[in-house]
Amino acid sequence: MESENCEVDACACFGAMADDEEEEEEGGGLVENSAAHDPDAMPNLLDEDLTRAPTMDPRNQSQERRRSCCCSCWTTIAVIIHIIILAAAILGMIPIGVMTSVMRAFMSGVVTFIWLVYCCVSVTSNLVSFFIGPARKEKHSDGDDPPSRLSDLCNKMGCLCVGPPPPSACCWNKIPWSIAISLLLVLEGILLLTPVLASVSSFHSLDSDSNSGGIIFDEAKAVDPRPSPFSFGQYMLPGSFSQFGGYDNNAGRAKTFKYKDGCEPECELDIHIPKSNGESTPSSSSGYPVIFHIHGGGWDSGEKSTPLVPISYWLNRNYAFVSIQYRFPSQTPGGATVFEQLDDVQDAFDYITSIGAEEGLDTSRVLFFGDSAGGHLACTVAYRSGAPGIRGLVNLYGATEWEYYMDSGGGYLEGLFEKVLPSSATAKDDYRNVSCSTYATSASAPILTVHGTWDTLVPMAVSEHLHSVVTTLGVSNLLVEVPLAEHVLEAGFYSVGGQMTIFAMERFVAAQL
């Protein structure tokens, strides 16, 4: 087989090389035997040798082909690794809404692990090859010492070259390529680690708030809380291999109730009760404290019992979890307004209050929890209701301040607002009437908000405005800013946003319930 074939299909040539060697050995034997039994053939063979141009020894030729094939294979692998790392790093650093959070949740951690391993192998192998030096003592035709086998292999893999280059013609052996690879690794590291490094101050701030205790956080009451706001090891592994951290949304153990008629989709709610050994074990005689969840989805999509912070995580910590479905404009004949959706949430809360005792719920200890559009509905109903049983509120990047948002110039959400507002009403009044801060008072429940600074769907300024209002009123509150995080920042149990959200929520929930 010709050496050019190795470059076309590098990996396929490994099997062919063995055949080449066998052919060369068999061919040599044939020449010897024919020469020995047919003396007349000797002159012809000599004549051919004299007219043929000088060629490399067949065995050396085979070794060179093998080296070339290895080089091509390792080069291909190295290129693929760099493409994967760069693609994940770049896509994770472009603020493109939910997709940015999804990319980070599914790729950033494990790709960071691959990059780190690649860097360690590169640096270690080159240090070893540099200090060990050449392993073979024979000289090349040009008089230079050959590289060690380890150095030869690492150069073929695209690692940084410090020793003398091997005789094979790999592009990685040239000094400019070594510099390019080192710069590429640095660039990849910067892109991959920036979301983590940018959040270091937020990690410290959260940890400090946790240790201080008080109304917002109570680590002592939290059941099996995360020890720190962020674990780099868990971020890499299991990372994206465990999107829910070993937990689930436990839909199979939920009891479903219809809390009102006339809704599309059906106005239903799921009640998830903690169980131990198949038996319900209330944390007190009055029942389980309740996390009351309202899903997001732009006020026109989404499904109950599908939070990204898994339901069974809370069940394992002795909280009941209630998740509701509310009507959508696109599925309701004649449409549905945001005012009707707010009424749905209120009706669902009233319903569990009425059946709570028989279902093992302590409805005097309820915490509202919503994300995105659900955060807006949860915040507005909790503050508008003012029910004494509502002990706290968790708002994940909710579009809570419609009036402020429109006064600030509007944007992407304006079209969604118009879809769920009554056409006959005055828009300015509507924006005020569906804004959470409109109903905030000094007696309002404490609120925890987690929001990403890169959120392109719901600007960070919306949550900043809400918290400035409740702070002025004297309401206990905490706004957790996640640097460079996009919408749906809690995607991925071990992502930066996921770990920070869970760390803050479990301590806040324990303090309120």
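The legends below describe close-up views of a predicted model.

**View A. Strand β5 and its two parallel neighbours, β7 and β6****.**
Strand β5 covers residues 288-294. Because 7 of its 7 residues are buried, β5 is largely enclosed by the rest of the structure. Strand β7, residues 361-371, runs parallel to β5 and is joined to it by 6 bridges. Within this pairing, His 293 has Phe 369 of β7 as its bridge partner. Strand β6, residues 320-324, also runs parallel to β5, with 5 bridges between the two.

**View B. The crossing of helices α11 and α12****.**
Helix α11 spans residues 338-355 and helix α12 spans residues 373-385. Their axes come within 10 Å and cross at roughly 65 degrees. An angle from 65 to 115 degrees counts as roughly perpendicular, and α11 and α12 are therefore described as roughly perpendicular to each other. The crossing of α11 past α12 is right-handed.

**View C. Residues in the contact of α11 with α12****.**
On the α11 side, the contact involves Val 338, Gln 341, Leu 342, Asp 343, Val 345 and Gln 346. These meet His 376, Leu 377, Thr 380, Val 381, Arg 384 and Ser 385 of α12. Sorted by class, the contact has 5 nonpolar, 5 polar and 2 charged residues.

Pro 238 is found in the loop between α9 (232-236) and β1 (255-258). Pro 265 sits in the loop between β1 and β2 (268-272).

**View E. Trp 299, a non-glycine residue with positive phi****.**
Trp 299 lies in the loop that runs between β5 and α10 (311-315). Its phi is about 65 degrees, although Trp 299 is not a glycine. The relative accessible area of Trp 299 is 2%; buried means under 20%, so Trp 299 is classed as buried.

**View F. Asn 318, a non-glycine residue with positive phi****.**
Asn 318 belongs to the loop between α10 and β6. The phi of Asn 318 is positive, about 70 degrees, although this residue is not a glycine. With a relative accessible area of 28%, Asn 318 is partly exposed.

Technical notes:
Residues are numbered from 1 along each chain as its sequence is written. This is a predicted model: local features need pLDDT of at least 70, side-chain atom pairs count only at pLDDT 80 or more; totals for chains, interfaces and linings use all residues. Side-chain values use heavy atoms; hydrogens and water are left out. Buried means under 20% relative accessible area, exposed over 50%, partly exposed in between (1.4 Å probe, protein chains only). Helices (H or I, at least four residues) and strands (E, at least two) are DSSP runs, numbered from the N terminus. Two strands pair if DSSP finds at least two bridges between them. Axes are lines fitted to C-alpha atoms, for helices over the stretch in contact, and angles run from 0 to 180 degrees between N-to-C directions. Angles under 35 degrees count as roughly parallel, over 145 as roughly antiparallel, 65 to 115 as roughly perpendicular and the rest as oblique. A crossing is left-handed if the near helix is turned anticlockwise from the far one by less than a right angle, and right-handed if clockwise. Contact means heavy atoms within 4.5 Å. Ala, Val, Leu, Ile, Met, Phe, Trp, Tyr, Cys and Pro count as nonpolar, Asp, Glu, Lys and Arg as charged, and the others, Gly among them, as polar.
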